[in-house]
Amino acid sequence: VRGVAEIAEETEGFRPDASLYNSVLNAADKIADLPDVMEVLGRMEERGVAPDIVTWTCLVDAHGKRGLVKEAEGYMQCLRD
């Protein structure tokens with residue numbers, strides 16, 4: 001899944017935005033790959049793409065589904081800020 005982000009990042013003249021990264025995050029979450037979710041978030045931040053409400057919601061969902069309540073609550077706080 002993260003390969004989609006990698007291809008987009010390497011495509012000359014194309015700059016991935018939050019929408020692209022959010023789509024990849026959502027896909028990784030759907031196939032139950034939390035490490036990929038976190039890797040894509042890191043890539044997004046490294047490239048200066050600011051997480052938005054969709055990003056935070058995906059992270060809350062991904063962590064909550066796996067019983068990682070404390071982490072999900074942390075991302076919920078980002079939604080409030």
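A residue is called buried when its relative accessible area is under 20%, exposed when that area is over 50%, and partly exposed in between, with a 1.4 Å probe and protein chains only. Ala 32 is exposed, with a relative accessible area of 57%, and this residue is found in the loop between α2 and α3. Although Ala 32 is not a glycine, it has a positive phi of about 60°.

The model described here is predicted, so local features need pLDDT of at least 70 and side-chain atom pairs count only at pLDDT 80 or more, while totals for chains, interfaces and linings use all residues. Residues are numbered from 1 along each chain as its sequence is written, and side-chain values use heavy atoms, with hydrogens and water left out.

Seen as a whole, the protein chain has five helices and zero strands, where helices (H or I, at least four residues) and strands (E, at least two) are DSSP runs numbered from the N terminus. Read along the sequence, the pattern is α-α-α-α-α. The radius of gyration of the protein chain is 12 Å, close to the 12 Å that the globule rule gives for 81 residues, so the chain is as compact as a globular protein of that length; this radius is taken over C-alpha atoms, and the rule is 2.2 Å times the number of residues to the power 0.38. The C-alpha trace spans about 40 × 30 × 15 Å along its principal axes, and buried residues make up 35% of the 81 residues in the chain. Contact means heavy atoms within 4.5 Å, and among contacts between residues at least 6 apart in sequence, 49% join residues at least 24 apart.

The interior can be followed through its nonpolar core, a set of buried Ala, Val, Leu, Ile, Met, Phe, Trp, Tyr and Cys residues joined through side-chain atoms within 4.5 Å. Of the 19 residues in the largest such core, Tyr 21, Val 37, Met 44, Leu 59 and Tyr 75 touch the most other members, and helices α2, α3 (34–46), α4 and α5 (69–80) each supply at least two residues of this core. Not counting residues up to four places away in sequence, Val 37 touches Leu 25, Ala 28, Asp 29, Leu 59 and Ala 62.

Leu 25 has its place in helix α2 and is buried, with a relative accessible area of 0%. Leaving aside neighbours within four places in sequence, Leu 25 is in contact with Val 37, Val 40, Leu 41, Thr 55 and Cys 58. Asn 22, which also lies in α2, is buried at a relative accessible area of 7%, and its contacts, with neighbours within four places left aside, are Met 44, Asp 52, Val 54 and Thr 55.

The axes of helix α2 (residues 18–30) and helix α4 (residues 53–65) come within 10 Å and cross at roughly 10°. That makes α2 roughly parallel to α4, as angles under 35 degrees count as roughly parallel, over 145 as roughly antiparallel, 65 to 115 as roughly perpendicular and the rest as oblique. Where these helices meet, Asn 22, Leu 25, Asn 26 and Asp 29 in α2 face partners in α4 that include Val 54, Cys 58 and Lys 65 through contacts.

His 63 lies in helix α4 and, at 5% relative accessibility, counts as buried. Beyond its neighbours within four places in sequence, His 63 is in contact with Leu 34, Met 38, Leu 68, Glu 71, Ala 72 and Tyr 75.

Methods. Axes fitted to C-alpha atoms, helices over the stretch in contact; angles between N-to-C directions.
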